[in-house]
Amino acid sequence: MGNKLSNKEIQNYINANLNTDLHTLLLKKSPFPEVSMHEIVQQIKGKQVAERKFPFLLKEGILFPPQLNLEQSSSEKTALYKSGILKGNTFIDLTSGFGIDAYYLSQNFNDVTLIEQNTELLEIVTHNWNTLGRQARFINKKLEDFLEENQEHFDVIYLDPARRDQQKNKVFLLEDLSPDVLEIQTKLRSISDQVVIKLSPLIDLKYLVSVLDGISRIDIIALKNDVKEVVVFLSNENTEKIICHCVNLEHSESVFSFTFGEEETAQSEYSEPEKYIYIPNHSILKAGVFNLISQKFGVKKLHPNSHLYTSNERIGNFPGRIIEMELVDSKSIKKKDQFNIISKNYPLKPEEIKKKYGLKDGGDQYLIFTQSKKGKIILKSV
């Protein structure tokens, strides 16, 4: 497949049809007898995904796999973040997939190995890495078979287990992933100083700590305030505390770091709304450090279940949005006014609020429907 699609005429045809309706294109006959129109459309889809997800692959000669492999790949931004954490001599990705994580994470290593059981996918990755001038050892094998035969020791092992069962349904528990992380964790730690595992953003952190041995670090990585992955680091060094990092990429917010368990002893102050309202980013909400945020930044909670904070003085390094707001009465809200509507710990969802008050969505102004300890309140940005 690779050599045929690399043909310059075929590549020119692909580039010329990047904005063509793909359904219409699929009904046409391929102008090239050596490749099908389905293969051509697959490359067009790949370039479209690459434009938003991994633009470093928008180079001549790069080939793309089927849609599912593209969807399951990490973004360039999250891979680049992780690459700043890891370094050493030998690196192995046991579930390389389309190789986005491996491409970035392996940059600080001299010896790189990629394991992938899908033959066609590994051929594409090998072709792309050669095109990009990157060296690695590519092994077409099941992870389990490789581990059974392996005699090597690696500085870092990375894996991103498949999060779908045989019926293609999403799964989250570690024992339901492929491979079963709980089953192989002892083996992995016996052949590496550090094991790094990318997991679903929906994974429960307390569950994670209860079933995995040797956790030294957990990173909750959001991109533009959308949590994309939870990354857990297993170490053979004796670490008494687990350090957690809440990261929101492509925002100017600083990383919020804490020790796992700190939330249990942290305490919040409570207050009715003051001049500034603070909305934690989604990596903070995922971490569940609602009292710790209040304590660390000196901001007060409105209500135990609202997860909104307030202060009279502006706290500039807060990991989230900071909006100057005032309390308003529902009677002051006029129909057809335009607002960004936020509903937290409130009976109505934003769509229901828009319908009830006849509001338009968007603009620069904010309306927050929430609760303080005194009851339901509405806040409007100043």
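## A starting point

Buried means under 20% relative accessible area, exposed means over 50%, and partly exposed lies in between. With a relative accessibility of 42%, Glu250 therefore counts as partly exposed. Please keep in mind that this model is predicted.

## The sheet and its helices

Let's look at the strands next. Nine of them form an open sheet with mixed pairing, in the order β3-β2-β1-β4-β5-β7-β6-β8-β9. Strands β3 (137-139) and β9 (256-259) stand at the edges with a single partner each, so one side of each has no neighbour in the sheet. From one strand to the next, the twist averages 15°.

Within the sheet, β6 (residues 215-223) and β7 (residues 226-235) pair in the antiparallel sense over eight bridges. Helix α6 (residues 76-83) packs on the sheet and touches β4, β5, β6, β7 and β8. Helix α10 (residues 181-190) also packs on the sheet, touching β4, β5 and β7.

## Salt bridges around Glu250

Back to Glu250, in the loop between β8 and β9. Its side chain meets that of Lys77 in a salt bridge (3.2 Å, N to O). Lys77 lies in helix α6, so the pair ties together parts 173 residues apart in sequence. Glu250 also forms a salt bridge with Lys224, the closest N and O atoms being 3.4 Å apart. Lys224 is exposed, with a relative accessible area of 57%.

## A buried pair

Glu229 and Lys82 form another salt bridge, with their closest N and O atoms 2.5 Å apart. Glu229 sits in strand β7 and Lys82 in helix α6. Glu229 is buried at 2% relative accessibility, and Lys82 is buried at 2% too. Both belong to a network of salt bridges that also includes Asp101, Asp160 and Lys198.

Definitions and conventions
Residues are numbered from 1 along each chain as its sequence is written. This is a predicted model: local features need pLDDT of at least 70, side-chain atom pairs count only at pLDDT 80 or more; totals for chains, interfaces and linings use all residues. Side-chain values use heavy atoms; hydrogens and water are left out. Two strands pair if DSSP finds at least two bridges between them. Helices (H or I, at least four residues) and strands (E, at least two) are DSSP runs, numbered from the N terminus. Axes are lines fitted to C-alpha atoms, for helices over the stretch in contact, and angles run from 0 to 180 degrees between N-to-C directions. Contact means heavy atoms within 4.5 Å. A salt bridge is a side-chain nitrogen of Lys or Arg within 4 Å of a carboxyl oxygen of Asp or Glu. Buried means under 20% relative accessible area, exposed over 50%, partly exposed in between (1.4 Å probe, protein chains only).
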